[in-house]
Amino acid sequence: MLWFTQGLCFLPAFLVIWSSTTFITSYIIAIYRRDVDIIFPYISDTGAKPPESCIFGLMTFISACAGVATIFARYKFVEKLNEEIRVVSPYLNKAGLVIGMISCLGMCIVATFQEITVMTAHDVGALLFFVSGVVYIILQSVISCRAHPLGASTFVCRTRWGITTMATLAFFPTVICAFFVKPNPSLHSHTEDEDYPFRLASAVCEWIVAFSFICFFLTYIHDFKLFTLRVKTEYAEES
């Protein structure tokens, strides 16, 4: 049996591969068209101008849908673990589900409203995505430790906490430095610009946070081999 056919591990595997492809594809196209600088542009900058904006928007929306499915499956997996032995508070599990869904909503907003078109909506969506995303992986790291060894091995727990720590530490410079960056419709910056150090620091940390999320979902693959979900259909009772 092929590894990606075991349980539901195809969900996080697809999410990781598709999300990585989304960022890399839009970056390559934007560089080829010279729409952005080669050295660490903002992720949103790589999908701000057509045609890369169309590709970025579509692929990001698909990533958000895959994220919703993966987050829900993770919620049901933890819920199943609790049926035999209550290892995790149901409220903590539900909080992880809600926060994860909010993060995916942020992704949809980012995909729909391009940076140079509707900046306010785009920035709100990006902030929603990053804040909720960081909170989500923190909650899931806590859940993993509390469910150990049923939910994850010691190595996986430590890996998730390592990724979570890196994402959390990178999140703050991303947001703080962004406040000192001036709007730049051209999407190009120069080393002599006053806000260049802040732009570079914010963009580098943004890439770190984004790929930290991807790496975190990568750790789900082994867990998702252990279960599957089924939809049960029943007739509605007539009154």
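## The loop between helix 1 and helix 2

Phe40 lies in the loop between helix 1 and helix 2, helices being DSSP runs of H or I with at least four residues and strands runs of E with at least two, numbered from the N terminus. In this predicted model, local features need pLDDT of at least 70 and side-chain atom pairs count only at pLDDT 80 or more, while totals for chains, interfaces and linings use all residues. Residues are numbered from 1 along each chain as its sequence is written, and side-chain values use heavy atoms, without hydrogens and water.

Phi of Phe40 is near 40°, positive in a residue other than glycine. Phe40 is partly exposed, at a relative accessible area of 42% (buried is under 20%, exposed over 50%, partly exposed in between, with a 1.4 Å probe and protein chains only). Arg34 is in the loop between helix 1 and helix 2; its phi, near 60°, is also a positive value, and at 69% relative accessibility Arg34 counts as exposed. Pro51 has its place in that loop too, and the peptide bond from Pro50 to Pro51 is cis, with omega near 10°. Most residues other than glycine have a negative phi, and most peptide bonds are trans.

## Overall form

The chain has seven helices and zero strands. Its radius of gyration is 19 Å, close to the 18 Å of the globule rule for 239 residues, so the chain is as compact as a globular protein of that length (the radius is taken over C-alpha atoms, and the rule is 2.2 Å times the number of residues to the power 0.38). Buried residues make up 46% of the 239 residues.

## The nonpolar core

The largest nonpolar core has 48 residues, of which Phe23, Phe213, Phe217 and Phe224 touch the most other members. Such a core is a set of buried Ala, Val, Leu, Ile, Met, Phe, Trp, Tyr and Cys residues joined through side-chain atoms within 4.5 Å. Beyond its neighbours within four places in sequence, Phe224 is in contact (heavy atoms within 4.5 Å) with residues including Leu8, Leu11, Pro12 and Ala73.

## The largest pocket

The largest pocket is lined by 24 residues, and Tyr42, Glu115, Asp123, Ala126 and Ala178 lie nearest its centre. A pocket is an open set of points on a 1 Å grid over the protein atoms alone where a 1.4 Å probe fits, with protein on both sides within 12 Å along at least five of seven lines; lining residues have an atom within 4 Å of a point. Helix 4 gives the most to the lining, with seven residues.
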